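Colleague: I am new to this structure and would like to learn how to read a few of its features. Could we take them one at a time?

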Amino acid sequence: MEGKGAVAVGLGFLGMGLDRVRLLPLPLPRPRPLPEKLSSKALRGHVYSNYLGSRWAVQRWWRPLLLLWLVGFTLLAHSLFYNGSSEAVDKRRDSLASMCDERARMLQDQFNVSMNHLQALAILVSTFHHAQNPSAINQATFARYAERTAFERPLTSGVAYAVRVTHAERDHFERQQGWSIKKMYSSNKKYGPSGDAAAAEIREPAEEYAPVIFAQDAYKNVISFDMLSGVDDRENIIRARESGKGVLTAPFKLLNSRLGVILTYTVYNTELPANARPQERIQVAIGYLGGIFDIEALVDKLLHQLAGKQSIMVNVYDTTNEWPISMYGSNDTCGGMYHNSTLNFGDPSRRHEMHCRFMQKPPLPWSAITSSLGTLVIGLLLGYIFYATMHRIEKVEDDYQNMIELKKRAEDADVAKSQFLATVSHEIRTPMNGVLGMLQMLMDTDLDTTQQDYVRTAQASGKALVSLINEVLDQAKIESGKLELEAAPFDLRLVCDDILSLFCGKAQEKGLELAVYVSDQVPQTLIGDPGRMRQIITNLMGNSIKFTKRGHIYLTVHVVEEVMVETGTQYTDTLSGYPVANRRHSWESLRLLDMDLHSSEMPFTPIMPETIKLIISVEDTGAGIPLEAQSRIFTPFMQVGPSIARIHGGTGIGLSISKCLVHLMKGEIGFVSKPHVGSTFSFTAVLTRSRSNANVAKSSGFKGINALVIDHRPVRAKVTKYHLQRLGVKTELTTDVNQVIAKMNCGSLVAKLVLVEQETWLKESHSMPHLLSKLRSKDLPDSPKFFLLENPITSIKSNSHISREYNLNVIMKPLRASMLQVSLRRALGGVDKAHGKNGNSTLGSLLHKKQIIVVDDNVVNLKVAAGALKKYGAEVVCADNGKKAIALLTPPHSFDACFMDIQMPEMDGFEATRRIRVMERDLNERIEKGEMPPECANIRTWRTPILAMTADVIQATYEECLRCEMDGYVSKPFEGEQLYREVTRFFQNHDQVQ
């Protein structure tokens, strides 16, 4: 009742202070002038808030900007349309050029093929007609060969061969051929397939003749015509024999009214070099082979083969002369897009071109139209949005200014709240230090039982109030984001043992079994924040104690990689036999394990070699959490129901603080709970391995000792084995008493210690006496020691008669390494060197005759600190401000250490420490120069340990202590254990303090 009253008073005072802060009017801050040096971000903010963001500036520039925006988007849409149309035209032009070039190339290729076959036919005539006597070729042979090979010359409609005859050879030639050389028709009546050679005129005498002797059947009527009698043909033959290449005539109409040309090759009686002169070629020329090409039929066939989706109009021209001659196509000269492709028919003296144009009109550039219109619409929409936005900005600008003012007020209120909490914390903890210190000093006096009970109650209430203050401070620091973690080496196994010791009394009162198990994979020494780790586990264990009426509470610590392969078989048997909530279900919400629990590949190596991931679980068999309340279990100041707060007490912020602390440790927290079965809370934490691999050595007094644990519950037996192995005892587990008796009969039992669980003793009560008599038999020279592990559930009922009847060594649970070590040493007849003396005696040996100065402005705190130090044999001198401390600690002096308060009038502890360190540095420089005073003759370095004493427990205060070169930190109210931990650092070796 006293504890609840103290807590209520503390909360009421704290809430009253908060209400006062909330009602204080806060003045609005005046605008600050522009500093001389600004970062780029601050400069941008200043320019915006004073120029661009002002109402005058907004009203001045947004309308011209909107007009500029609309004009710009209109120009952009016009540009897009122009570019899109140009791209469409370019694409259409490229398509026309590609099709025209393709047709020109195919026409040229086919023409070249026909030219090559005509040249081959000329070589054939030269070989089989002129080179043989008599000739192997006559008209019938030539006509039949020409007809059969016409497919090789797809562009020619007929071929003919004319021989060169001089005037002297004319009579002989005519008698040989049986006809006279005829004169060709006039140029207006060209020869053709239907020409009449009988009606032709006889060729008048000339220097030479070129009568046709062979012709294709379609043109055999030209036989006997002199090709040199026509103007165009004569010119064609003369150019052909002088160049040695095929030459073309100008376009002319054939008998079928189509336009055509004649290609002429010269046949020589000997092979000439490529650089032969024209005169040499004329002398050896013996004949002329001509091929007639129907250009219109050729182009029609080609266009039919290349018919595509887009029809084009094709015209072929002979551009040798100034005025082009149309060889194919209409003379349509309508405007529009067209393309010219050059044709090369092998005659360098004549030029030909193919003109192409589309037959349809170009389609509209829909892509350019849609893109430009879409851009214009988007620009108009954005302009409208900008217009509406600016009007909206003008409307809400006043509200924005009000919001800025409210924000500044809220920030100032938040700062004031933090300052108030820090001040209230210090002011409450300072008198609490006196209260708890005086109560502790009162406990050390001679008190009767009733008085001791009153003092313990008052002390428990004071500690509860301090714990509540710490929780409220933690919640405030969490909300402000100022909660920080310490990084210090610690032993997690000792932390767990201490937590079990803390709840041992409450567990015995409720008849609960407590147990802790830490995996062998967890390093002995870790680096992290032991205080926050203790706070999280204590909170979870406290909740389990609060809501559990029967069964057990089981704390386990594993490496994350270790539990990934854990199966659910172990949950068929539990620590106390009561069913529990499977803790694997509490891991499902943890992202750290969610992926790995369902994967086949288990990475057993941490990501970084110096870090380790731990998973800590607290399992209980309590009432469980109702399903409707599980979603708000981590909400601050929220509890399951009003009856819970009335029955069990509490503020409802413990789990919320624990969750935030777990997140700071880069971990997560989750739980699984079944109503009327129990709950299991699990959380992960990322800690750092200690770089020094020196583990705490196991007790050498138990090396080589074997132990046998008899327990029918495997989980509970594993816990016992864990604690024995921590002491260096090699342990074997068994669940059957008969197996132990059989080993004894055959002499194979080598155990020095036999530990039997009391529940197993009661279950096997018919076999246990027989086993005990065997162990105490005189036949065994070194009989094992027998221990009974008693539970708090049954210890009161059965401890007296079982231990008295059988004279047993009893070990009370919960098991802890220190307690187990003492029990085993006592039973084995040894002296526990580590625990033979209590902590107070050890602390007394360190502080005995030490000269210590305590500096504090509070008289009660001076009494408490001086009384605590004098209790352990120290000689204490008190000072009530920093100036007196400086006077007393001016070196050289006789003090071994100083405990200094931080917040003091006139001069605080920080400033006093700085000045003391300056004086010590000056003395050390004199010592190095050999100018030391006689008191420092045997001292190499002068430094007095200074430990800070403060009720302000925020991280910033600790960092400030380090910056001021303080050597330690003791928070108020401090106890013997905390004092021993700090003092040990300086007084274990006396020569460390100069």
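This is a predicted model: local features need pLDDT of at least 70, side-chain atom pairs count only at pLDDT 80 or more; totals for chains, interfaces and linings use all residues.

Colleague: Is R713 buried or exposed?

Modeller: R713 is buried, with a relative accessible area of 14%. E759 counts as partly exposed, at 27% relative accessibility.

Colleague: Which residues are linked with R713 and E759 in a network of salt bridges?

Modeller: The network links E513, D711, R713, R716, E757, E759 and K813.

Colleague: How many salt bridges does a search of the whole structure find?

Modeller: The search finds 28 salt bridges. One of them joins E960 to R963, with the closest N and O atoms 2.6 Å apart. E960 and R963 are 3 residues apart in helix α28 (residues 955-963), which means that about one helical turn separates them. E960 is buried at 18% relative accessible area, whereas R963 is exposed at 56%. Another salt bridge is formed by R277 and E280, whose closest N and O atoms are 3.1 Å apart. Here R277 is exposed, with a relative accessible area of 56%, and E280 is partly exposed, with 30%.

Colleague: Next, the sheet. How should I read strand pairing?

Modeller: Strands of a sheet pair through backbone hydrogen bonds, either parallel or antiparallel. In this structure, an open sheet of 5 strands has the order β21-β20-β22-β23-β24, and the pairing is parallel. At the edges stand β21 (730-734) and β24 (809-812); each has a single partner strand, so one side of each is left without a neighbour in the sheet. On average, neighbouring strands of this sheet are turned by 25° against each other, direction ignored.

Colleague: Over how many bridges do β20 and β22 pair?

Modeller: Strand β20 and strand β22 (residues 753-757) pair over 4 bridges, in the parallel sense. In β22, V756 is the bridge partner of I710.

Colleague: Which strands does helix α21 lie across?

Modeller: Helix α21 (residues 768-775) lies across β20, β22 and β23 (785-790), and runs at about 145° to β23. Helix α23 (residues 817-828) also packs on the sheet and touches β22, β23 and β24. The direction of α23 makes about 175° with that of β24.

Colleague: Last, cysteines. What is a disulfide?

Modeller: A disulfide is a covalent bond between the sulfur atoms of two cysteines. The count here comes to 1 disulfide. That disulfide joins C100 to C356, with an S to S distance of 2.2 Å. C100 lies in helix α3 (residues 55-130) and C356 in strand β12 (residues 352-358), so the pair ties together parts that are 256 residues apart in sequence. The torsion about the S-S bond is about 70°, so the disulfide is right-handed. C100 is buried at 0% relative accessible area, and C356 is buried at 1%.

Notes: Residues are numbered from 1 along each chain as its sequence is written. Side-chain values use heavy atoms; hydrogens and water are left out. A salt bridge is a side-chain nitrogen of Lys or Arg within 4 Å of a carboxyl oxygen of Asp or Glu. Buried means under 20% relative accessible area, exposed over 50%, partly exposed in between (1.4 Å probe, protein chains only). Helices (H or I, at least four residues) and strands (E, at least two) are DSSP runs, numbered from the N terminus. Two strands pair if DSSP finds at least two bridges between them. Axes are lines fitted to C-alpha atoms, for helices over the stretch in contact, and angles run from 0 to 180 degrees between N-to-C directions. Contact means heavy atoms within 4.5 Å. A disulfide is a pair of cysteine sulfur atoms within 2.5 Å.
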